[in-house]
Structure formats: C-alpha cells, structure tokens
Amino acid sequence: MTALVELERAGFTYPGARSPALSDVSLDIAAGDVLVVTGEAGAGASTLLLVATGFAPRVVGGKLSGQRRIAARRCGVVFARPWTQLTGLCSTVRDEIAFGPASFGLPRQAVLDAAERAMRELRIAHLAEREPSQLSGGELQRVVVAAALALDPEVLALDDPAAELDPEAADALYDVLPAIAAAGKAVVVATPDLERAARVATRAVTLEHGRIAARGAPADVLDGTEPALVARAAGCPRPYPLDVPALVRRVRR
Amino acid sequence: MIGYVPGASPLHRAHPYTTLALAGALLLGAFALTQPLEVWLLVAAAVAFSASGGVLRSSARTAFLLSLPIWALLFVLHGLLGADPRTTVGPLSLSVPGIARALVLGGRVTAIVLAFLTALATTSPHRLVEAMTARGVPFGRTFLLASTLTVLPRMRERAARILEAQQCRGLRLGGSAIARLRALGPLALPLVLGALAEVDEQVLALDARGAASAARRTALDPPPDSSAQRSLRAFLLVLVVAAYGWKFWRMRG
C-alpha cells in the first residue's frame, strides 16, 4: 500500500533547543494503519506526530533534518486537552465541527454534510445542537475528533487523546479508531495508555530519547501492558497477551 | 457580569455590526463631547443602549464597579486638589470647578464602560463571526475581534477553576487587604502561564482546521441585515463625524 507519510532518517529540533527532540527516525505510515507511538514522557512521541503531519516545523518553528514526504492531501491533529482545540466562536457542536470545512470554502451544503457525516462516525449526532462549553470532557473530545474528521484527513494524529477522559469515555474514543482506519485513513496515536492502544493498534513504535527503540506488531512492541507483564512473570513465551481477554485465553490454554 | 448573555432583546436580534456601531458611536462620542450637558446626554444614551439590550441592571452594576476607582481618583485629583473657588462639605474643602470637571470626566468613562459591557453582553461571538465571514473579512481579523469579546469570560472561568484548586490546597482568601493581595500571586501566575501554554495548542488546532486557509470561508448562518439597520449605521457615522466637527469648530473658536 502507498505510504501517506514517509520519514527517512528524520530529525527535529525545537526553536531555541540545543538537542533534537527527534533523531534518525525512519518510518512509513499507510492508509489503514493504526500506528501507536509510545515512550517515556519526553521521548518524542508528540514531536513525531507533529513532524509526520507537517505541523512541525511549519507551525511550531524549529528545524527539520533528514527526508520527509507527505503524500496525504490533508492531515488532522487532536490533542489531549479538548477545550484548547475549540474555536471558542461557535455556539453549537454542529457549527464547531463545520468550522474546518467552512474554512476551506466548500459550498454550504457540502460543509453541513461533512459535519453530519463526522458526527455520525463519532456517534455524537445527538449532541449537534448542544453548546460545546456545556459538554463533558469525553463528549468534547469526541467533538474534537469529529471536527478533525470533518475535513476528511487522510492522516489523523491523536496526541494522548484520552489523557483527560474517564475510563468509559476513553474506551469509547479508542473504539472508534479502527473504524476510522478501515475507512482508508491512517491513524497515528501517541499515548502512554498501552492497554487501550494494544486493543486497536495494527503497528507500534517505541521511542527512547527521540529515537526509535522498537517497532513492529503490537504484541512484540507493547509488552509493558499489565496483562503482558503478568504473562511474562508467569513464564509465558512471546508474543505476550496485551489485554485481559487475551491473557485469560492464554491461561485457559 | 462580563461577556455574552443570550437573550432576545432588539440588540440581540440586531445585526452585530449595528450593535457594535452603536457602541462605537458612544465610545467615539465620549472623546468628542466634553461639555457637561453633552456628557450627561451621552450617559443617558449609554443607559438607553444598555436598557434596549435588556442588560442594564447587570451591566450598570459592573460598569459602576469598574469605574469606581477612576471616580475616586478623579475626585481626589480634581475635587480635592483642584483650583479655586472652593466650597466646604463637612470636613472637606472641595474645588467647585474641580468637582464639575471630575463629574464630566467620570461621566465619559462610565459611558464608555457601560457601552462596552453592553456590546459584550448582547453581541454573540458566533453571529459576529458569521456576519464578518459573509462580508468576506479574512478569518485572522474576524478571530481577533471575536476573541476580544470572548477573552474576558474565558479568563474568568479559568480563574474560577484555578481559585477552586488553590483553595483546595489551603489558599485563604479572607482577611486583610494585604492578605487578599498576597492571594493574587497563586492565582495570577497559573492563570497567565496556563493561558500561554494553551495558546500553542490552540494555534495548532486552528491551523489544522484551516483557519489559515487562503480560501474564502463559507458563511453557514449569516445574520440578516436590513436597509433600516444599514441606514442607522450610516447615520451614526455622520453623527460621530458631526460631533468631532463640532468639537474642532469649538476649539478654533
């Protein structure tokens, strides 16, 4: 499958920083991927998202090194704190989601259709007339994801999207990611939430000090989940089960 | 009360340009009109403006609180330290022309604050954005103006959240004026730093949603305008020009 984003020995240094936040990263991101990027705080996962989606250095400044090719027509990005991603100028969820398509000057009906489609995809059509500032954190984060999807991005990057959510809202958010990827988009998630990431990932990358330390199938890379740790302690061979149902199946076997 | 208050008053229903033109005329009028009678007419116009928006009570209270320090300063500068002749009120020796001057200056300040608060309370940021979008105003300028209308309520909400959090950690707000002033530190620092940190994310989020797009934005629900409102705005412009003409003619005389 054609890569939507290709990084070859890419590195990135923030403005004013002495050392690079990302070094020597080579990575392809293709349609249908749910790529999970993990690592310790400061390992460079968020930076990788910004570089892969083209926002660094275009918006944040800084210096890019190595090769980067972004074939995706459009990239969307979602951050951890949903309230920072609202325009603050829209009085309904529908208007908030329609903001993006309207920015690109699409005809009015196309804008409204895009908003409706995104709301259906995120299962938030019932919130259409609500005021964004009155929503819960979980509802708001789904509105933000819908707002990104309304632009029909080929790459959707999510930076620790469940950090501010309760467990139910976090589950609901992660549950929609495979469907988004199945619709022909690439989903890239930077998160320390390995349990949920393991449920949805098709590939995983671990970063250490801005460099790729491990990559491959989630079962090979995400071995820090609690079920994996239990399996490892119990002497199970690799690949470790990454979630509780998989652990239960393994134990039963 | 500072910020938009939903309602159905004539000002709420008016085209946002009309509401802002009325507030702007009052503001510019306050700089042009300097005679006592003119100023009290201006204050009366500001009160009528606020009453027609259905927000007179709350706006007048806030305007009073905001302009109180200025009134106090004017009273000291002109009333107590002003020129002769003087009159005695209880233990105070007051300057008669100074008191008259303080009343005029205070009236102008109060008219400006009341007009500004009324415009904030009756202009929906969303309708303003739609109105400006329909006129083809670039989003950067639209955002700048609309953000001005929303920044105060947003800062107030954020301050309330920080205050609650700091109180949970033992911050005491009561006591002497000095103790209250000291309590400002734990509030102001996170308020400013938090706002700055969130700005980065908001810039990225808005950019991702096409805010910087060169395309002409699509207006989804532009507020209706009318020839009567357009005529009123033109009349206000003539009125302001006439007021400044009158001021300069008087200055020459």
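How far apart do the C-alpha centres of domain 1 of chain A and domain 2 of chain A lie? They lie 29 Å apart, and the legends below start from there.

This is a predicted model, in which local features need pLDDT of at least 70, side-chain atom pairs count only at pLDDT 80 or more, and totals for chains, interfaces and linings use all residues. Residues are numbered from 1 along each chain as its sequence is written, while chains are lettered from A and ligands numbered from 1 in the order in which they are written.

**View 1. The two domains of chain A and the contact between them.** Chain A is assigned domain 1 (3-219) and domain 2 (223-253); such bounds come from an automatic or database domain assignment. Six residues of domain 1 of chain A and seven residues of domain 2 of chain A take part in the contact, where two residues are in contact if their C-beta atoms, placed from the backbone, lie within 7 Å. On the domain 1 side, helix H7 (194-200) and helix H8 (218-221) of chain A each supply at least two residues. Helices (H or I, at least four residues) and strands (E, at least two) are DSSP runs, numbered from the N terminus. H7(A) provides the largest share of that side, four residues. By class, the domain 1 side has four nonpolar, no polar and two charged residues; here Ala, Val, Leu, Ile, Met, Phe, Trp, Tyr, Cys and Pro count as nonpolar, Asp, Glu, Lys and Arg as charged, and the others, Gly among them, as polar.

**View 2. Helix H4 of chain A and its buried side.** H4(A) runs over residues 108-121, and its 14 residues reach 20 Å from first C-alpha to last, close to the 20 Å expected at 1.5 Å a residue. That expected span is 1.5 Å times one less than the number of residues. Val111(A), Ala114(A), Ala115(A), Ala118(A) and Met119(A) are the buried residues of H4(A). They sit on the same side of H4(A) because they cover an arc of only 130° around the axis, the arc being that of the directions from the helix axis to the C-beta atoms. Look on the other side of H4(A) for Gln109(A) and Arg120(A), which are exposed. A residue is buried if 20 or more other C-beta atoms lie within 10 Å of its own, exposed if 12 or fewer, and partly exposed in between, with C-beta atoms placed from the backbone. The cover over the buried residues of H4(A) includes helix H3 (93-103) and helix H5 (137-149) of chain A. After H4(A) comes Arg123(A), with a positive phi near 55°.

**View 3. Helix H6 of chain A and its buried face.** H6(A) has 16 residues, 167-182, which should span 22 Å at 1.5 Å a residue; its end C-alpha atoms are 24 Å apart, which agrees. Its buried residues are Ala170(A), Leu173(A), Tyr174(A), Leu177(A) and Ile180(A). Seen down the axis, these fall within an arc of 110°, so they line one face of H6(A). They pack against strand S3 (34-39), H5, strand S6 (155-159), strand S7 (186-190) and H7 of chain A. Glu168(A) and Ala182(A), on the other side of H6(A), are exposed. Gly184(A) follows H6(A) and has a positive phi, near 95°.

**View 4. Ile97(A) in the largest nonpolar core.** This core has 125 residues, and those with the most contacts inside it are Ile97(A), Ala146(A) and Val188(A). A nonpolar core is a set of buried Ala, Val, Leu, Ile, Met, Phe, Trp, Tyr and Cys residues joined through C-beta atoms within 7 Å. Helix H5 (residues 96-122) of chain B gives the most to this core, with ten residues. Leaving out residues up to four places away in sequence, Ile97(A) touches Ala115(A), Ala118(A), Met119(A), Val143(A), Ala146(A), Ala147(A) and Ala150(A).

**View 5. Where chain B touches chain A.** Here 26 residues of chain B are in contact with 28 residues of chain A. On the chain B side, helix H6 (125-134), helix H7 (139-168) and helix H8 (177-208) each supply at least two residues. H8(B) gives the most, with nine residues. The chain B side divides into twelve nonpolar, seven polar and seven charged residues.
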